[in-house]
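Dear colleague,

Please read them with the sequence and the coordinates open beside you.

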Amino acid sequence: GGPVGSSMPTLCTGSHHVDGLAVADDGQIAVVASALTGELWDGRLLLLRHEPGSEAASVSVSIPTASGNTAVLWAAPGLVASGDDVGDVTLWRFAAGVSAATTEATLPCATYREHEQPVTCLASAPRGLRLASGSKDGTVKIWANDSIVQTESSLIHTSPDPWCDVGISGIAFRGPDSVVSVAADGLIRLWDLRASTPAVRCVSHEAMGLCSVASIDETLLVAGTQAGAVICVDWRGGAGGAVTQRLALDRGPVRALCPAPGAAQAAAPLIAAAHDSGNATVFNARSLDVCGSVAGHEDRMSAVGWIGPPQGKQVTIVSGGWDKRVCSHALLLTA
């Protein structure tokens, strides 16, 4: 249900498919993209700005990277974190008004190198005090958000298994001292980082795997499944938390979930979901009512974000896909 919005391509990334994007509070969009050249992956980090009503995004920074990229986020104002196929997490600091001609912007200010396999996802704690990175090696690493290059904690979501996919598919902070991880094993794990050995609570899910997660506030989170559904977990529902609601979207695996700005304070918090089908869905995280949807990409939609907070029933989201495009979508939502 819900109205269908309109899509507008804002950027074509050439030979690079988009693996992740993140929108800063000031509207800047960080994009990581990758391309296969021969037998090697190469990547690119882009900073974009999309003006409302414009048919294209302006590129302020375009930095080639030595390996393919997998995830990106704004760790703090002017500070971008990216994860790559090698297993590294890199911090990039950009001054206000930086342009592609600013050579200093191409130099990372820190690189974290403790994952044994590619990084799959990143998350930032409230106020940017910590970073978390998930990897195909089945671990979540917690980093202090500064130049220290040693992990604060290493969390094992799934033990290594040469015959099974143990990779972390999604992570999110639930407040400054706890983080949630999901993986193909179908388990949602909540880690309490205040203990010297982080304690873990676990919610079991049916056999289908989980591929994304978003935290609304310290009590509520939403996870996306490989089967194209979203489930809502309320951590106040007992020792292990409780799955309270479920919404079947039937649009392919839910690859990314992004809360709208201000969702934690909203009576009806909105979430944007990106699907393998190339579609995006906007839904109410408490009622799990679908408020809008849009078909934006010809291949997997790998990432989604919000251009500003909702303006009444009008919202603008931005997405990236394996069709090598970044698109903006204007939607008029249902009540």
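Six bridges join strand β2 to strand β3 (residues 28-37), and these two strands run antiparallel. Please keep in mind that this is a predicted model. Within the pairing, Val18 stands opposite Ala33 in β3, and in the hairpin that β2 and β3 form, with four residues between the strands, Gly27 takes a positive phi near 95°. Six of the seven residues of β2 (residues 17-23) are buried, so this strand is largely enclosed by the rest of the structure.

The open sheet consists of four strands in the order β2-β3-β4-β5, with antiparallel pairing. Its edge strands are β2 and β5 (57-65), each of which pairs on one side only, and neighbouring strands are turned by 20° against each other on average, direction ignored.

Turning to the charged pairs, a search of the whole structure finds eight salt bridges. One of them joins Arg113 to Asp88, with the closest N and O atoms 3.2 Å apart; Arg113 lies in the loop between β9 (110-112) and β10 (119-124) and Asp88 in the loop between β7 (79-84) and β8 (89-93), so the pair ties together parts that are 25 residues apart in sequence. Arg113 counts as exposed, at 60% relative accessibility, whereas Asp88 is buried, at 12%.

With best regards

Methods
Residues are numbered from 1 along each chain as its sequence is written. This is a predicted model: local features need pLDDT of at least 70, side-chain atom pairs count only at pLDDT 80 or more; totals for chains, interfaces and linings use all residues. Side-chain values use heavy atoms; hydrogens and water are left out. Buried means under 20% relative accessible area, exposed over 50%, partly exposed in between (1.4 Å probe, protein chains only). Two strands pair if DSSP finds at least two bridges between them. Axes are lines fitted to C-alpha atoms, for helices over the stretch in contact, and angles run from 0 to 180 degrees between N-to-C directions. A salt bridge is a side-chain nitrogen of Lys or Arg within 4 Å of a carboxyl oxygen of Asp or Glu.
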